Amino acid sequence: VGFDSVDIAAARERGIAVCNVPDYGTEEVADHAIALAMALCRQLFPLDAEAKTLGWNIKVGARLRRLRELTFGIVGLGRIGTATALRAKALGYRVVFHDPYLPNGADKAVGITRVHTLDELLAQTDVLSLHCPLNDETRHLISERELSLLKPGAFVVNTARGGIIKKVAILAALREGRLAGAGLDVIEDEPLQTAEEAATPNLIATCHAAFCSVESKIEMRSTSARIALA
């Protein structure tokens with residue numbers, strides 16, 4: 001889907017066609033984003049750990065949230081962002097999005113709320129989910145300042161590209177308790193580099209696997225072949 005690792009200018013100079021497959025794994029990534037959001041809002045991993053130590057005190061009760069009371073903020077309403085929005089809406093979240101490149105009326109078509117600045121989105125968001133490409137405009141789009149604008153106790157989910165979030169900023173926010181949790185399928189300079197990073201509290205990390213399923217791998221290969229042939 002993403003081609004941020006390809007030198008497009010050099011390929012063009014050499015007459016090399018660069019193609020991508022923008023629509024395989026759409027369902028999987030949206031499902032994964034929602035799974036991470038649900039795991040955070042319902043604190044599945046801490047509760048699992050407590051139950052398996054034979055505890056039963058629900059120590060993370062202060063982080064357990066009712067979805068219907070939460071605002072789910074989406075950055076980027078493309079294919080995957082739209083699929084995520086529809087899933088979040090069905091679960092009862094209030095869904096808002098920011099995407100400066102969509103034409104007017106996109107919000108009406110999907111039945112969610114549009115805001116016109118990132119700061120406006122962050123100020124009302126309980127669960128932030130990123131669905132934009134990585135480029136010069138979006139690298140470190142979410143850094144210290146942006147994280148500070150989120151509502152207290154917010155959660156952050158990233159299934160897009162790691163470099164959209166400044167790694168040191170989000171890990172610091174988790175360690176300091178400014179974020180209630182983060183679910184990162186992608187992370188800057190992935191994979192995690194140190195035991196200290198891996199031990200960051202309230203972090204769920206998966207292995208850049210949101211796209212992955214038996215079906216999506218077949219679709220990726222067959223669609224790539226059709227595009228190359230065309």
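Okay, let's start with arginine 145, which is partly exposed, with a relative accessible area of 45%. Bear in mind that this is a predicted model. So who does arginine 145 pair with? The partner is glutamate 146, and the two side chains meet in a salt bridge, 3.4 Å from N to O. And is glutamate 146 buried or exposed? Glutamate 146 is buried, at a relative accessible area of 12%. It falls in that class because buried means under 20%. Arginine 145, at 45%, sits in the band between 20% and 50%, and that's why we call it partly exposed.

Next pair, please. Here we have arginine 178 and glutamate 176, whose side chains also form a salt bridge, this one at 2.8 Å, N to O. Arginine 178 has 38% relative accessibility and counts as partly exposed. What about glutamate 176? That residue comes out at 54%, so glutamate 176 counts as exposed; the cut-off for exposed is over 50%.

Now over to arginine 68. Its salt bridge is with glutamate 69, and the closest N and O atoms are 3.7 Å apart. The cut-off is within 4 Å, so that pair makes the list. Arginine 68 is exposed, with 57% relative accessibility. Which residues are linked in a network there? They are Arg66, Arg68 and Glu69, joined by salt bridges.

And how many salt bridges turn up in the whole structure? The search finds 12, and the ones I've walked you through include arginine 145 with glutamate 146 and arginine 178 with glutamate 176. That's me done, thanks.

Methods
Residues are numbered from 1 along each chain as its sequence is written. This is a predicted model: local features need pLDDT of at least 70, side-chain atom pairs count only at pLDDT 80 or more; totals for chains, interfaces and linings use all residues. Side-chain values use heavy atoms; hydrogens and water are left out. Buried means under 20% relative accessible area, exposed over 50%, partly exposed in between (1.4 Å probe, protein chains only).
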